[in-house]
Amino acid sequence: MVKAVCFNQFGGPEVLEIVDLPDPHPGPGQVRIAVRAAGINPSDRKKRQGLMDGQLPQTLGHEAAGVVDEVGESVTDVLVGDRVFGFSAEGAAQAELAVLSYYAPIPPSLDFPGAAALPAAIETATRALDQLGVAAGGTLLVNGASGSVGSAAVQLAVVRAARVIGTASPPNHEYLRSLGGEPVAYGQRLVERVRALAPDGVDVALDVAGSGVLPELIELTGGPENVVTIADFGGAKQHGVRFSSGDTGRAVHVLAEIGELIASGRFSLPEVQTFPLAEIAQAHRVSEDGHVRGKLVLLVG
């Protein structure tokens, strides 16, 4: 049996429990890891509240880092004992053992919490940049640029030699500049502030924050086809904007690419705030506070 985060009813952080579940085992092409750290994402909170998935009971966790302790059939690229990070397709990574369907070796410079903070942010950001066709010479606007996905999108777009403008609260403006972005405050008159930096508007826009600004992003980019949101499903349907999710295909290639970017200094890790597995409820309370910069990570084992 393995200890794992679970909930049997929808509600606040208090419904989260640590329970004993049967040991998972990898299928073909998968690996099982002894989890050392697992990321916490906004989708965890939505699932717990019953906003994303109506099934009960549910486990949580889509990203983790740890040590391979069992490999599935046809796995030849890693060995038992290797350090890897990646995705749990079963959504059960917040546990002592987890099966990863997509994985890569942890870059030598990273510890387990740092590695666990990366997969969801860099995959989501890369997928959205790919869908928007972000490339050298273009201008990208990121709405919500200081969080884990937003800051990843800023840096990965800069790597592609794009110009990046990002919305953030004033205390985070210097942080955005350090990532290579040009900060603007969010809120009313956003279009005016962005046009002060880019008089002709921007080529494409990515909405990470889901703060109801899709009409402004459409105005700045010239049309809904130039905007992608990862956070405003209802607004996407209303305004004809693409909603990016893993269902449209994952950009898992970035897992194997990020190590070189980190080593060369072109990608900075997010700030990481850690919690023991037993304090999962407190981690969700911090997440709900809405002022997290960087990433919340559970320490396991």
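A residue is called buried when its relative accessible area is under 20%. This term is needed throughout the following account, which concerns a predicted model. Strand β9, residues 139-143, illustrates the term well, for five of its five residues are buried.

Strands of a sheet pair through backbone hydrogen bonds, and the pairing may be either parallel or antiparallel. In the case of β9, the partner is strand β10, residues 163-167, and the two pair in the parallel sense over five bridges. One of the residues already named, N143, has T167 in β10 as its bridge partner.

Buried residues account for 53% of its 301 residues. Of the contacts with a separation of 6 or more, 64% are made by residues 24 or more positions apart. Along the principal axes, the C-alpha trace spans about 60 × 40 × 30 Å. What radius of gyration does the protein have, and what would a compact globule of 301 residues have? The protein has 19 Å, which agrees with the value near 19 Å for a compact globule with that number of residues.

The next topic is the space left between the atoms. Rolling a probe the size of a water molecule over the atoms shows where empty space is left. In this structure there is one cavity of 30 Å³ or more. The largest cavity holds about 50 Å³ of space. Its lining includes A117, L118, A121, I122, S148, S151, A152 and Q155, together with F267, S268, L269 and P270. Two helices, α3 (119-132) and α4 (148-159), each supply at least two residues of this lining. The largest share, four residues, comes from α4. By class, the lining of the largest cavity comprises eight nonpolar and four polar residues, with no charged residues.

A pocket, in contrast to a cavity, is an open space. The second largest pocket contains about 190 Å³ of space. It is lined by 13 residues, of which L21, P22, P24, A92 and L97 are the closest to its centre. The elements that give two or more residues to this lining are β1 (2-7) and β7 (97-100). Which of the elements gives the most to the lining of the second largest pocket? It is β7, with three residues. The lining of the second largest pocket consists of ten nonpolar, two polar and one charged residues.

How values were computed
Residues are numbered from 1 along each chain as its sequence is written. This is a predicted model: local features need pLDDT of at least 70, side-chain atom pairs count only at pLDDT 80 or more; totals for chains, interfaces and linings use all residues. Side-chain values use heavy atoms; hydrogens and water are left out. On a 1 Å grid over the protein atoms alone, a cavity is a set of points where a 1.4 Å probe fits but cannot get out, and a pocket is an open set with protein on both sides within 12 Å along at least five of seven lines; lining residues have an atom within 4 Å of a point. Grid points are joined across faces, edges and corners, and a volume is the space filled by probe spheres set on the points. Ala, Val, Leu, Ile, Met, Phe, Trp, Tyr, Cys and Pro count as nonpolar, Asp, Glu, Lys and Arg as charged, and the others, Gly among them, as polar. The radius of gyration is taken over C-alpha atoms; the globule rule is 2.2 Å times the number of residues to the power 0.38. Buried means under 20% relative accessible area, exposed over 50%, partly exposed in between (1.4 Å probe, protein chains only). Contact means heavy atoms within 4.5 Å. Two strands pair if DSSP finds at least two bridges between them.
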